[in-house]
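Q: Can you walk me through the aromatic pairs in this one, then the surface? Here it is.

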Amino acid sequence: MKKLISLAALAAMACATALPAGAVTQTGSVTVKWNVSVSASLALATDYGATGAQGGNGVPAILLSTGPGGTGEACTGPAAAPSAGPPPVVDFGTITPDSGLAKNTNCLYKNAVDAQVTTNSSSWSLGEYEAAALPTGATLCAYPNNFASFPVSIAAAGTAPATQSARATYTDNTSCAASAATLGTTASSVNLVSASAQSFTVSPAHIGEDMALLLTPAASTGAQTVTVTYSLVAN
């Protein structure tokens, strides 16, 4: 009997030593990092159509003022759509001043420029300025299309298709109207889009504008040209 008990005890002891110790779990971590570069592109179309296509108007839409204009004033646009360049062209054509040289002669070019911004940035800005001072007696104005005034706020991810001008008349002014911006030679003198809280956009955001050319009786005669630069900054 004692022998049987001893064997049973030995068997129990053997089983006890074979049992595993309590399980141990350990964890570790790594940091995964990346940095996405900012991408931004700017395309410019003149005489643009409903989709922002270059020359999409078919023919230039230029309006002479219906305000207190002089005698014989005329804004005669070119017969064909302006050149796509590069750079693309806004062509006001031939401008006939007041025969008495007493009144300004103002011409409005509808759907003059569509600036198309494609970017993954949520903080970007767009400006425009004249590369050199305009000839004597000339002022260039920018009127926003589908926005009340500059600078505009891009509220949606992309604003395609491009919005065309709804202006049907134009009034003579000695300076750019309150709803317009006056171009100057200071870099980004016209702030088209502010950098604050722009929505993320991949598809193009369209910022369309009409341009008005104001000419005093002292305006220089002959063919005139000025370069307007658009500056896109994306952070």
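Q: Phe92 and Tyr109, buried or exposed?
A: Both are buried. Keep in mind that this is a predicted model.

Q: How many aromatic pairs does the structure hold?
A: Two. In one of them, the ring centres of Phe92 and Tyr109 are 5.6 Å apart with the planes at 85°, so the pair is edge-to-face.

Q: Where do Phe92 and Tyr109 lie?
A: Phe92 is in the loop between strand 3 (74-76) and strand 4 (94-96), and Tyr109 is in strand 5 (residues 105-119). The two parts are 17 residues apart in sequence, so the pair ties them together.

Q: And Tyr143 with Tyr170, what are the distance and the angle there?
A: That aromatic pair is edge-to-face, at 5.9 Å centre to centre and 85° between the planes. Tyr143 sits in strand 7 (residues 138-144), and Tyr170 in the loop between strand 7 and strand 8 (181-182). The pair links distant parts of the chain, 27 residues apart.

Q: Why does Tyr143 count as buried?
A: Because its relative accessibility is 4%, and buried means under 20%. Tyr170 is buried too, with a relative accessible area of 4%.

Q: Switching to the surface: which residues form the nonpolar patch?
A: Val30, Val32, Trp34 and Val36. Together they have about 530 Å² of accessible area.

Q: Where is Val32 found?
A: In the loop between helix 1 (2-18) and strand 1 (40-46).

Q: Is Val32 buried or exposed, and why?
A: Exposed, because its relative accessible area is 60% and the cut-off for exposed is over 50%.

Definitions and conventions: Residues are numbered from 1 along each chain as its sequence is written. This is a predicted model: local features need pLDDT of at least 70, side-chain atom pairs count only at pLDDT 80 or more; totals for chains, interfaces and linings use all residues. Side-chain values use heavy atoms; hydrogens and water are left out. Rings of Phe, Tyr and Trp (its six-membered ring) pair if their centres lie within 6.5 Å; planes under 30 degrees apart count as stacked, over 60 as edge-to-face and the rest as tilted. Helices (H or I, at least four residues) and strands (E, at least two) are DSSP runs, numbered from the N terminus. Buried means under 20% relative accessible area, exposed over 50%, partly exposed in between (1.4 Å probe, protein chains only). Patches are made of residues with over 30% relative accessible area and no salt bridge: like charges are joined within 9 Å, nonpolar side chains (Val, Leu, Ile, Met, Phe, Trp, Tyr) within 5 Å. Accessible areas come from the Shrake-Rupley method with a 1.4 Å probe; for residues, only the protein chains shown count as cover. A salt bridge is a side-chain nitrogen of Lys or Arg within 4 Å of a carboxyl oxygen of Asp or Glu.
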